[in-house]
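Dear colleague,

Please find below the structure that I am handing over to you. My notes on it follow directly after.

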Amino acid sequence: MNKRWIALLLAGLTVLSLLAGCGKPEEEEQYEYVPTYYELNPETGSFENGINAHIIRGDVMYFYTYEYTTAADGARTGVAAAEVFIDVLGTDAAEEDGETTSRLVLYRVNLDGTGLTRLSDYQQTPLDEGMEGYVSINSMQIDSQGHLWVLEQKEQYYYDLPDDFDPETDDQWNYYTEGEGGCLLRRLSDTGAEEFSVDLQALYLEQLKKDGEYNPDQHYYFWAYSFLVDNNGYTLVYSMERLMVISPQGELVSAATYNNLSEQLITLSDGRVAVQSWEGGLKVVDPTTWTLQEGEDGALPRPENYNYVNQYYNGSGDYLYFYASSSSLYGMKADGTSERLVDWLECDVENDYYAMSVLSADRLATVTTDWNDAQTKCSLVLLNRTLVTPENRRTELTLATFNLSWNLRRAVKAFNRNNTEYRIRVKDYAEYSTDDNYEAGLQKLSTEIISGDVPDILACDDLPIRQYAAKGLLADLTPYIEADEMLGNGGLVKSLTDACRSEDGELFYVASKFSIHTALADKKVVGDITGLTPEEALDFYQNRLQPDASLTGFTFNRESLMIDLLSANLEHYVNWETGECTFDSGSFANLLEILKLAPEEIDDEIYNSWDIYGPEAAMRDGRQLLNSCVISDWYDLLYTLSYVAGDGIYVGMPDEDRQGSCFELYNPLAMSSKTKHKDTVWAFIREFLTNEEYSDWGFSMVQSRLEANLEEARKHQYYEDANGNHIEYPVFTYFDSTGQQVDIYCLTDELYDTLMGLINNTSRVYDYDNSIMSIVKSEVDNFLKGSSSAQDVAAMIQNKVSLYVNENR
Amino acid sequence: MSTKIVKKREHAPKEALEKRRFSPAARKEFFQSIAFLTPSVLGVTMFFIAPFAIVVFYSLVSSPVDPEFVGLKNFIDVLQNSAFQTAAKNTAVFSLLAVPLAVVLSLLLALLLEQKIPGKSMFRTFFLSPMMVPVASVVLIWQVIFHETGTLNQVTAIFGADPVDWLRSPLCQLVIVVLFLWKNLGYNMILFMAALSNIPRELLEVADVEGASAAHKFFHIKLRYLSPTVLFVTILSIINSFKVFREVYLMSGAYPYDGLYTLQHFMNNTFKSLNYQKLSAAAVMLAIVMVIIIALMFRVEDAFGKDVEG
């Protein structure tokens, strides 16, 4: 009987263990770093040049900015406009020439935003007599007594003009001479007056002399970017491979030599000082010997991913120190455990690690500058760790990406900052990929999608968009575009939009900017053609160029060329609609022959002899048929056309359909068809598409913006000379084949037509299919090694790619 | 003994059976049985029945993400898909070649090792050794042997033959069949040897006394007694023939030469490309075909070995 009960109990336990995984997991407590903004306004004017850097200790923050003035009319700009400006450069010439001069100004403010005060007695280190140049603050610190320290770097130069110098015929920059620099550490009073200073350059030279390393014929220039004042008043600076320690009296106590440290010094939570080592992690500085502690005493726990650490911060509380990567802030405990404290994307401020002060694990501070308003607005921002309650929880939208670009990151942060109802959470799947399995991230995303966890927004770079669209995962954006006043009715560039549309006419993604991937040929060689087939390219190469010429450039290796050629020709060889592939049609062999002409690796000699093998020289001399190029600005036309003295034509890469140019998209975004918040998602995509702030380069996909930008480029550029005359100046200059200088003053009608022709006649989007590319690459290698004939390789590619295409139809 | 009990119950009066069924002891036994069965039933349901039901569901909808019932469309699409056709043809050809060879050769080996030959145990170990070699090593060995510059071509070159890229030529299936046989013959052989040792010696002795030929003894006594094992080894070989995908995948990737592209490649690749409905339709069809094949084999085995005591 007992045995039966035991058996029954065991059976029950088995059932329970089976059901154990079915419970709902407890929701983890979620925290946000909620920002509080304190606008910083000086007594008069504004910080219109922004705030350059800040330092915080306790409840006080110090920061500095620059004050500019144009001396010609005495008009003031920038902060404290009512005050009398002192030209620290002290050169009358600057005033006469109307040169703009600048000076440093320091401010203090309490962390609750009150008590903004200018350190009125602060004067930056003056330049030497007869010198020009500037002074910058490289670092600031507040010591344990609350004194502000600044590390100033002085850079000086002068023009060693000859007696017969004539400014009409000569340029003073030809006589530019570097002057004596300086690096000064200064302790300031509450009002900014200098209380104490140390000339670091002098100390450094003194030490070199002591060590017998000083060379009187050598010009020494000492610079330092950071320092630290410890709790006993000793100052530590690491620069020029010296860890210099200066006593409170300003004497050099130690200058040990180390060649493997970075300049970053921090104070650990237990008061010790540590310096960042290039070997990874931090090294403790022994306060008695002022050398790096070795052995167990000097061993500090090292971040696991120390190669990705961008910044270390002073420790506090439970954390020995804090450190930041580009994505997160971590706290390192003394026992070696590291905790991820902040995801920078979750902070609703624009700044990341580079401008952040870590006051504690629960409190961060930064300074932001809003340049968009008519008046520049600077704010002190305190971020407090706050528990997310059901009342303040925002609806979360997920953005899936494999490559979070800087602009997309900014757009997400701006959206989160300005939206009280929604928050976008970025999920970067590239984090899941490893060296062994590059596609692990994609597999994870795919698995999550299938299990119903579909992201609301997809950043399409590196995603199998065609497959996702075919599975019905993506929403057609056409209705949203058509309903939009700005984007509807031809508001987007037509040729690009058509190229992006699916076979059924749906538009699943839009991009903020685009460029055109094409290839330039010399009209004198190829004539007036719109494109060329691989066979024609080989014919031109064999019959129209010099011997030992290159078809696509001496700096193009086989792999790059294969990617370009295949991307251009994929549509010709693969018919996704019927599943038919034509790699074995015979013409593919010509592509293989072109590949064979490219070197496997580029010899260093090529780069060392750029004047012979560079595209400029090779195209000019008829030793290169095509120059692959990306046109993302009208200037790119000028650069590339200058290779052939303006007589070029964009024919694209060799392509069977003579359509070898294709669009490249920057940051294409798609909307999930499953999202319940389509209007909000579209609002984000639209903002990213139309706001110029979120794109650095490329042509806008929005037709009106493209036209406006090109119209602006068509305007002639002028500068005003000393006599007030408006002189037109060229925006680009090149030398034609006769050595004649050609000046380009603006986007000419001819160039405009060339560019618009290129945009309007391009009908494909750069198509990089990873699977096809790897199939082709593996087989092409056999051909290039000579182990298979072109026909065999073509047949093998045909065989394998057909399987792939038919699987995915 | 058990046969007798069953017969007794069959002949028990109906009332007695009813009484027994609803007695407290019977109820207790019933609930205890349920309790003991529950873990297995739950496990089988969770890990076999439910996933298969989901696969069937996926095969009947347009997309797992946005499911719309589409009837047999996925099945028709898959049947019309040329990649599937290639995969199905290759799988069928491979199974038709490899499975009978695996059964027949392992049986022959078992019969051979049943004889009194020298080094019997050594041969037995020799044939079992491929089972101990990890798949990655097998793949490495096979690549060394069958590569265009591999051992086999070096040997054939001695006789003036041109090198053959075995895994990238129409002969590729032959390589995989050899690999399959090399890997599986030993285990099958052991199963047959165990079955052969269970054949009643008396019957064979009687056959010997009555002057039966070796062929007669084999076909009319041994084979009939071996029929359940033949069935088992065949099913096992069919299953293993599908598992050869591992070796092929490691040797030639997701897109091998046409002749090596099997149903597992098709399913693996469609899984990676999120084409769950296509994958599910193919899986359901494969399951149906497997059930039909196994049912047919049971019928054959029933017919062939029905009068054999066991």
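In helix 17 of chain A, the buried residues are A:W634, A:D636, A:L637, A:L638, A:T640, A:L641 and A:S642. That is seven of the nine residues of this helix, which spans residues 634–642, so helix 17 is largely enclosed by the rest of the structure. At the start of helix 17, a side-chain oxygen of A:D633 comes to within 2.9 Å of the backbone nitrogen of A:Y635.

Please keep in mind that this is a predicted model. Its scores are ipTM 0.80 and pTM 0.74. Chain B has a mean pLDDT of 86, and 91% of its residues reach 70 or more. Residues 1–9 of chain B need caution: pLDDT stays under 50 there, and the model has two contacts beyond four places in sequence for this stretch. Where pLDDT is low, the predicted coordinates should not be read in detail.

The interface between the chains

How many residues of chain B are in contact with chain A? There are 36 of them, and they meet 33 residues of chain A. Together the two chains bury about 3000 Å², with 62% of this area on carbon and sulfur atoms. B:R168, B:Y255 and B:L274 supply 25% of the area that chain B buries against chain A, more than any other three residues.

B:R168 also takes part in a salt bridge with A:E779, in which the closest N and O atoms are 2.7 Å apart. The count of salt bridges between chain B and chain A is one. On chain B, helix 3 (24–59), helix 5 (82–114), helix 13 (263–272) and helix 14 (276–305) each supply at least two residues of the side that touches chain A. Helix 3 of chain B gives the most to that side, with eleven residues. Sorted by class, the side of chain B that touches chain A has 17 nonpolar, twelve polar and seven charged residues.

Salt bridges within chain A

Over all chains, a search of the whole structure finds 39 salt bridges. Side chains of opposite charge can pair when their charged atoms come close. One example is the pair A:E448 and A:K444, whose closest N and O atoms are 3.1 Å apart. Both residues lie in helix 6 (residues 440–450) of chain A, four residues apart, which is about one turn of the helix. A:E448 is buried, with a relative accessible area of 11%, whereas A:K444 is partly exposed at 29%.

A second example joins A:R764 and A:D657, at 2.7 Å from N to O. A:R764 lies in the loop between helix 20 (749–761) and helix 21 (770–784) of chain A, and A:D657 lies in the loop between strand 33 (648–650) and strand 34, so the pair ties together parts that are 107 residues apart in sequence. A:R764 is buried, with a relative accessible area of 7%, while A:D657 counts as partly exposed at 34%. These two residues belong to a network of salt bridges that links A:E571, A:D655, A:D657 and A:R764.

A further salt bridge is formed by the side chains of A:D343 and A:R340 (3.3 Å, N to O). A:R340 counts as partly exposed, at 48% relative accessibility.

Buried charged residues

The side chain of A:E67 makes a polar contact of 2.7 Å with the side chain of A:R103, and another of 3.4 Å with the side chain of A:R118.

A:R410, found in helix 5 (residues 406–418) of chain A, is also buried, with a relative accessible area of 15%. Leaving aside residues up to four places away in sequence, A:R410 touches A:E350, A:E693 and A:Y694.

Two residues with positive phi

A:D462 has a positive phi of about 65 degrees, although it is not a glycine. This residue sits in the loop between strand 27 (457–459) and helix 7 (465–470) of chain A and is exposed, with a relative accessible area of 54%. A:N667, likewise not a glycine, has a positive phi near 55 degrees. A:N667 is placed in the loop between strand 34 (662–666) and strand 35 (669–671) of chain A, and counts as buried at 11% relative accessibility.

Yours sincerely,

Your colleague

Methods: Residues are numbered from 1 along each chain as its sequence is written. Chains are lettered from A and ligands numbered from 1 in the order in which they are written. This is a predicted model: local features need pLDDT of at least 70, side-chain atom pairs count only at pLDDT 80 or more; totals for chains, interfaces and linings use all residues. Side-chain values use heavy atoms; hydrogens and water are left out. Contact means heavy atoms within 4.5 Å. Buried area is the accessible area (1.4 Å probe) that two parts lose on being put together, summed over both. A salt bridge is a side-chain nitrogen of Lys or Arg within 4 Å of a carboxyl oxygen of Asp or Glu. Ala, Val, Leu, Ile, Met, Phe, Trp, Tyr, Cys and Pro count as nonpolar, Asp, Glu, Lys and Arg as charged, and the others, Gly among them, as polar. A polar contact is a pair of N or O atoms within 3.5 Å; within protein, one must be able to donate a hydrogen and the other to accept it, and residues adjacent in sequence count only if both atoms are side-chain atoms. Buried means under 20% relative accessible area, exposed over 50%, partly exposed in between (1.4 Å probe, protein chains only). pLDDT is the predictor's confidence in each residue, from 0 to 100.
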